[in-house]
Structures are given as structure tokens and as C-alpha cells.
Amino acid sequence: MDFSGKQVLVFGTGISGIAAAGLLQKRHANVVLFDGNDMLDENRVMADFDDTDRISFYKGELPEEIKRDLDLVVLSPGIPVDLPLVRDMRDAGIPIWGEVELAFQCGKGSVLAITGTNGKTTTTSLLGEIMKHACADVKVVGNIGIPYAGVADDMTDDTVTVAEISSFQLETIQDFCPDVSAVLNITPDHLNRHHTMENYVAAKMRIAENQNRDQVCVLNYEDDILREKAEQISARVIWFSSCRRLDTGLYLEGNHIFYADGKSDVKVIDTGELNILGRHNYENVMAAVAMAISCGVPMERIRETLRTFQAVEHRIEYVTEKRGVRFYNDSKGTNPDAAVKGIQAMDRPTCLIGGGYDKDSEYTEWINSFDGRVKLLVLIGQTREKIAAQAKACGFSDYVFADSLQEAVDLCYEKAKPGDAVLLSPACASWGMFPNYEVRGKMFKEMVHALEE
């Protein structure tokens, strides 16, 4: 699409919005940058641009005369698609894209895209490393923290883009079509945004809706939703399984990961050679390997990367050991299913820190996964009383409240004995107490390192 002279509204001034506005500016669009927060400092927002030609900024309310002249709206992921202003613009016939769609329209090369409730960042990071060992120009972008739009203008026909894509980003695609896609799993999350599980599933599955039979979609065979939805996918499906042998695809058998092509089964790697823990991470490995194989990466090149890949920060990340107590940062466990994986990775009595922002989640399955591993649950944030009530209903009463993360860390250190673990795995978003899970995880690590021996 030629954006020259087009009037384009970029709604949202986070990193995605700023990247989208910068890309549109390079493509000679007239950019209207807007944010509903009327407390924003305009100078600080505009300081992100080298030059402000063809960019105007509005906050609080968008003038009617601006709305009337728009050719396109680009939404940041944090802007709900059912917001009245967004609905009004859609009803007026204005195309509504997300930053991912904009970047795809402007970018070049091949696209490998990953979504799922849990495991996206680890899988994206791992696949990015594999592809960097096989290709000269690889961009790792998306929900992982690097805006897709921020690098789209630097792409060539030889670029390989590895993208972590959230359900929020998939809501606003139009033509976005990865050469290889993956859906790792789907469990309840973000229901405060999507309202129903059906809507959430539909958003996730959009990653494959524009693919054709010459392209590939990698799916988790152990996910009931994905087995059902696979019938609606036009792309060639490659399965992976952590529970059974497959005739074709990737599977885990004992401590070995295999790739079956229908003719023979090749051992990819022993799990003991990996630097990441847990069955959920072996699933992430299988998904990344399936995507890399689909791109023609030699198996030995894949193995080399698997053996050196380290855990992603904030995802069951070992921090340190003090007085014989091991500390783990799983701040990226922002929903109950992700936090279950954190608990399952613990092989010792654990003092667990949980709680945070309420995304309308239920915590029963998480609490039941404690299964004797959790000796103390320290609850913080908005959800602490809700989680406590569900814990009590599940027969788990070893919980206490803390008013801050620092107090929670101190309580765990006081109660933990040599040979125990302290795990931050909140099962909740960080909002309300922290700007994001990264800040929460970094503060946890700082607090842990400051503890006296």
C-alpha cells in the first residue's frame, strides 16, 4: 500500500504506537498520533522522533474534523477493539489495522510467527537463535519487546522475521500471513479483554487464517482446542506432542525428543542436554524445531543451538542461592496456566509468591497443582483475597498476605529452610503494582540479591 499523503491515525503512544508512527512517517504519510490519556507530556512523546514533520499529536479527545479525514487507523495492542471511539471509526468505514498488520504490509522476506497462551517468548527466542545460525538477516520482533514496525523498513527479500504475536495483535490483522505459524497452546487468559473463551480462541487462531496449503502451521497435539481447530486450517499442519509418539511430527519419548517424517524417526536431542527445565519447555523446543525444519535448517545446526540456548529472563529463571535456599524468578507467569508450569518445574519444597492484577482468571487448577510442593503461599496485589478464598476451598490453608513484593520476599526468606526454593510465579499480571512483568521480575531479583546471608 502506498501511504504517501494518506491521513493515518496511530492510536496509542507506547512502543508499538511510536514505532508505527515512525514507519508511517518514513512512508510519507501524514500521521495523527493520539492517546486517550490527557495527562501525557507532549514534549516527552514527540521526543521519540528525530523530526516531527508530518506528525501531529492529540490527547484526551480526538477532534471530529480529524476523524472525518482519516484514511486508516493503526491501533496499538493495548487499545481494545470494542472501545466506542474505535467502533465509531470502523462504522464510518475507516480500515482498522494493528501495528503487526502495518509492519507486514511494509516488510519483506519470510515471516515465522508464534502465538499461544504460554511459551511464546521462549519459543520465539529459541527459534530466533536457530535462524540466526542459519541465515544472514534475522529479525526477532513482536510481543517479545521489539516492535515489528520498528524494523520493517530495514527488511530485504532475504530477511527472516521471527515474530511473537499476542491475541491482542491478532485481533487487528487483515492480510498478515506467516510462511510458518505456530500455536503452542490455548488456555483461559485475557478474558477481561476478550470477554469470552470463544473470542479468545478465535483471536489466537487468526494467525493461520490467511495461510495456504503450501505453508505450515505447527500445533500442539495435546491441546484439545487445537486438535479441534486444526480441521479449519488450510496450511499443512505439523504436530508436536509431549505425551505420545507421533507417526509424523515432533514427540517426546522418555528423555529424548524425536522428529518423525513418516519414513524414519530421528533423535533430535536428549533433554538432559538442554539448559531449560520442564515438560512445557520441551514442548517449546519441539515447536521451534518443527518451524526450523520447515524452513530447511539442517538438523545439526538446530542441535548446536539447542545445546547452548539459555532460559529466557523472567521465565523460571534461576537467580541465586542464599543460606541453601534457591530463588527463581518466574514473573512471566502472568496467568494460572503459566504459573502451573513454574510449580511443576520445582523439585524441592517451595515458598511461592503469587497475586497481582485480576484478569478475571480462576486459580483452582493452579492451586491444585501445588501437590505437596508448596509449603507457603504469600499473596500480594489485587487478587490476594480472591486467590485465598479459592485456596481455602481447595483445602490449602498455608497462605499469608503481604502488602508489597519486598515484604513477600522477606517472609519467604524467613520461612524457607536450606534445600527449599523461593519462587515468584504470580499467576497474575503485574499492573497496579508494576508497569509490566519485566519490572516486577527485575525488582524481585534486586531484592533477592540484597538479602543478607
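Isoleucine 316 is found in the loop between helix H12 (299-308) and strand S15 (317-322), where helices (H or I, at least four residues) and strands (E, at least two) are DSSP runs numbered from the N terminus. The model is predicted, so local features need pLDDT of at least 70 and side-chain atom pairs count only at pLDDT 80 or more, whereas totals for chains, interfaces and linings use all residues. Residues are numbered from 1 along each chain as its sequence is written, and side-chain values use heavy atoms, with hydrogens and water left out.

Most residues other than glycine have a negative phi. Isoleucine 316 has a positive phi, near 50°. At 8% relative accessibility this isoleucine counts as buried (buried, under 20% relative accessible area; exposed, over 50%; partly exposed, in between; 1.4 Å probe, protein chains only). Aspartate 360 also has a positive phi, near 65°, and is placed in the loop between strand S17 (350-354) and helix H14 (364-368). Aspartate 360 is partly exposed, with a relative accessible area of 47%.

The largest pocket holds about 1200 Å³ of space. On a 1 Å grid over the protein atoms alone, a pocket is an open set of points where a 1.4 Å probe fits, with protein on both sides within 12 Å along at least five of seven lines, and lining residues have an atom within 4 Å of a point. Its lining comprises 46 residues, with Asn143, Phe168, Trp431, Asn436 and Tyr437 nearest the centre. Two or more lining residues come from each of helices H1 (15-26), H6 (120-132), H7 (167-170), H9 (197-205) and H17 (437-450). By class, the lining of the largest pocket has twelve nonpolar, 24 polar and ten charged residues.

In the second largest pocket, the space is about 290 Å³. This pocket is lined by 15 residues, among which Asn220, Ser242, Arg279, Glu283 and Lys341 lie nearest its centre. Helix H11 (279-294) and helix H13 (336-344) each give two or more residues to that lining.

Helix H17 has 14 residues and reaches 20 Å from its first C-alpha to its last, close to the 20 Å expected at 1.5 Å a residue. Tyr437, Arg440, Gly441, Phe444, Lys445, Met447 and Val448 are buried in H17. These residues lie on the same side of H17, because they cover an arc of only 165° around the axis, taken from the directions from the helix axis to the C-beta atoms. Glu446 and Ala450 are exposed on the other side of H17. The cover over the buried residues of H17 includes S15, strand S16 (325-329), S17, helix H16 (405-415) and strand S20 (421-424).

Note on methods: Points joined across faces, edges and corners; volume = space filled by probe spheres on them. Nonpolar A, V, L, I, M, F, W, Y, C, P; charged D, E, K, R; others polar. Expected span 1.5 Å × (residues − 1). Contact = heavy atoms within 4.5 Å.
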